[in-house]
Amino acid sequence: MNRSSQAHPAFDQVRSEYIDTLNLQVEQFEHRATGAMHYHLAADNRENVFLVALRTVPEDSSGVAHILEHTALCGSERFPVRDPFFMMLRRSLNTFMNAFTSSDWTAYPFASQNRKDFDNLLDVYLDAVFFARLDPLDFAQEGHRLEFAEPGDPQSELLFKGVVFNEMKGAMSSVTSTLWQTLCTHLFPTTTYHFNSGGDPEMIPNLSYGQLQDFYRSHYHPSNAIFMTFGDIPAHQHQQNFQEKALGRFDRLKRAITVPREQRLTEPLRVSASYAYDDADNSERKTHVVMAWLLGESTDLEQLLEAQLLSSVLLDNSASPLRKALETTNLGQAPSPLCGLEDSQREMVFGCGLEGSAAEHADEMETLVLEVIEQVAMRGVPRQRLEAVLHQLELHQREISGDGFPYGLRLLLTALGCATHYRDPIAMLNLDPVLEKLRSCIKDPEYIKQLARKLLLENCHRVRLVMSPDRELSRQRQQAEANRLAGIKVQLSESQRREIVRQAEQLAQRQEQVDDDSVLPKVTLEDIPTEIPEFSPSLHRDGEHLLTRYQQGTNGLVYQQAVAPLPGLSPEQWALLPYYSHSLTELGLEGATYLEVQDRQSATCGSIHAFTNMHGAIDDTQQVSSCLALSSTALQRNQQTAAQLMRDTLEKVRFDELERIRELVSQQRARSERSVTGNGHGLAMTAACAGMSPAARLRHQLGGLAGIKHLKSLDDSLQENDRLQAFSGQLAGLHAQVLEMPFQFLTVGDAEYTDEQADNCLQLWRGFAGSGAGQAESELAKVQESRREIWVTNTQVNFCAQAWPSVAVDHPDAAGLTVLGGFLRNGYLHRAIREKGGAYGGGASQDSDIGAFRFYSYRDPRLGETLADFQAAIEWLQDAAHGYEPLEQAILGVIGALDKPGSPAGEAKKHFYDQLFGRDPQQQARFRQRVLAQTVKDLQRVAERYLRPELACTAIITSQTGLEQAHDIVEEQGLNIIKL
């Protein structure tokens, strides 16, 4: 395929290149007047993607680029409404719509399968980026402001408020974020990466509105912009819109915004710092010890792949020498989350280290790391391990992803870094020439030795950071903020106090105003596609085994799964499932240690993992079906060896590697403890719903807050050898039961290979030990109980959730409840929780899998007021007058979610599991028609029936300080206090 596009007259074509491994044409154009670059990835894909990025290089940690990203989306020249971004979310069939602030660029991407919708969004995005209004009230709402605790009373307490201010308080509650930001402060003493581009909560209040405007004028100009598109719309049609809607009004900007190379250190640094630790647990062995090197430029593909090669050799899996050392040492709990290569900035960073350590172990850990690297530099590594790393790079290059994130957008973001630094982004998309060069290089045994020495051992630009827990730091910060505010308040003149009151009044009025949204373009229900893509998999049976195969364009990859229903399990065995499924592919096999198996996996496939899947019945959420799946991804040439590895994993896994089992549980604990601040709203909703159905309870017990609490207890107990031995036996017993269940198989691959894949699969699994004689899962006890909980953990912000028992997906009311979630979010919750309340996000949704309707807030400075907003949203639904358009927008949101495309393999796997759990095309069509038929009265009826106050269940995640401040709420709501 070579279909180079013609350019619009305002653009010159710079180059065009076909990339065989991606099956697309990459074209580069330059806008004549402004110098703006346009990169177009021409592909036979109807999910078109647009992105415009600006080089944004902050010179402090005030969060100016981040706050500008928010504020630019709050109204523009052609669309002078208060909130066009969120309003377009409701008026669109987009498959992706967002904005990102990175360390050196800000991007505004969207994707849509509907051409009318794509053009609508393009209009709004171009106007928002290049002709933003930047209303000072939007800056106050989205960035920061001073406001009295009682907005009209100047005698009440003075507070900092703002969406980004609270968002970054939440973000910096993450120890990983704090660790990385502290490391960058020392790795980059002179460039923009020294600063927190998202904003440091202590520095955000220093940013003035004038500084925001200056940054906009200097950075948001086409000469500093990069346009990127992907899909089947020709480049010249995009360019016509760019020219007419934005670029035609600009001339070239003379200043080029760049990030210089960092000045290199002449000797390594050793730094100590602290992080806020508010958990009730003992703070011993909670220290992070990390080392990081500044490497070469991420924009040089050869340097990038050499760094990736070395990083993978050292850390790729548990058999890799450095990861093995970090996993097995007694100096810490688990390898640091910063282990690996960070290549998103101009110059790359290689990091490694330990979490769950102690400050006194820092020297020993540093010695351990340097000794491992020295061994690699002296002895090298086996050639087959280097080939396995290159195999992984090739597989990653070929894989068409897109489950949860559009495939085209992933490609654009891969290329964006190079474009940001005025280098060749097309090279980043075509790895084959450099991979071939590396394949030649690794034939020389000295090559990897020299890389280890050049990039790490002889590189003086190295920082060792010891970050220790500090139980007083949160209180000290809160006191410092209170003292700062008190000092500001004392200095306020009478006119300044009146101005703060006036601004609060104006902002409240602005948040309540109803804009004329007719100025915004939209799609309607008439634009919804009437035909839904259908799958026609082929079924093959060979004796006892059933194979389902899908023909999908997978670009030379094959996806295979072995699937079995779960056996009847005791409550204790259900609790084992997360550890069993995780360890199944992390342990040794008969005759081979886990280290040898890790090498085999890396050489054979891109991934191999096990997971469990459980769903309520379509007509009764109290009835649950579940299965275990073993899944692999491989290049087509490795299909048989991948399938053999899967079979060996099931038949030969060994649960006698006790120390390895202990390490795996410890690593799971470390990951789960880090997950709270990033997924607090999800964990809170899971906790609130836990009493509503068996599947809801299992989610909470296995992967929710209760699961995290159990995991911490289990990890502590496995320090005793007798308990570890017993745990190993329990895993082996569970596995024996799984092997008695009937297995079926799934393959997804390119059409030209599917017959071969089917024959190989059935032949390889012939005689498999799975007997099919096992007892099917026993019926889980029905669950109907009320829960009211407040969980206390290490966080600077809150996550609030309330839930009500509802219905299964095939119940006639499920459609109304699903539409109701978007209706409440769009019409009430977004304004109340985000705009007025200052939380980063909030909303409502129906989960028909578990039979629950949920409200939630994310990174929220409030508690009781948010719970009151949840109830007020229900009252608003019943009491206010509602037109048709908000209903249509909510329906569009549901249909857009239903029709959102995945990757070719992801869509096939989704179809397989839909069939397995009774979500057949007939059921999906019924649900779709019910969604389209909803009326406002239907929404009011289901809310009145299901969202009754006495049925509400509550779960909140907060800090110890938050708990102390929420004493009245705890008493009033009758909340059970649980320390995580």
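Reply: Two strands count as paired if DSSP finds at least two bridges between them. Strands of a sheet pair through backbone hydrogen bonds, either parallel or antiparallel. In this predicted model, β17 and strand β18 (residues 545-551) are joined by five bridges in the antiparallel sense. Within this pair, L539 lies opposite T548 of β18.

Me: In what order do the strands of the open sheet stand?

Reply: The sheet has six strands, arranged β17-β18-β22-β19-β21-β20, and the pairing is mixed. From one strand to the next, the twist averages 25°.

Me: Which strands stand at the edges, and why is one side of each left without a neighbour in the sheet?

Reply: The edge strands are β17 (538-542) and β20 (607-617). Each has a single partner strand, so one of its sides has no neighbour in the sheet.

Me: Which helix packs on the sheet, and which strands does that helix touch?

Reply: Helix α19 (residues 571-583) packs there, touching β20 and β21 (620-635). The direction of α19 makes about 150° with that of β20.

Me: At what angle do helices α22 and α25 pack?

Reply: Helix α22 (residues 658-674) and helix α25 (residues 705-717) pack at about 145°, and their axes are 9 Å apart. The crossing of α22 past α25 is left-handed.

Me: Which residues meet in this contact?

Reply: From α22, the residues are R662, V665, S666, Q668, R669, S672 and E673; from α25, they are I708, L711, K712, L714, D715 and D716. By class, the contact of α22 with α25 comprises four nonpolar, three polar and six charged residues.

Methods:
Residues numbered from 1 in each chain as written. Predicted model: local features only at pLDDT ≥ 70, side-chain atom pairs only at ≥ 80, totals over all residues. Heavy atoms only, no water. Axes fitted to C-alpha atoms, helices over the stretch in contact; angles between N-to-C directions. Helix = DSSP H or I, 4+ residues; strand = E, 2+ residues; numbered from the N terminus. Left-handed = near helix turned anticlockwise from the far one by under 90°. Contact = heavy atoms within 4.5 Å. Nonpolar A, V, L, I, M, F, W, Y, C, P; charged D, E, K, R; others polar.
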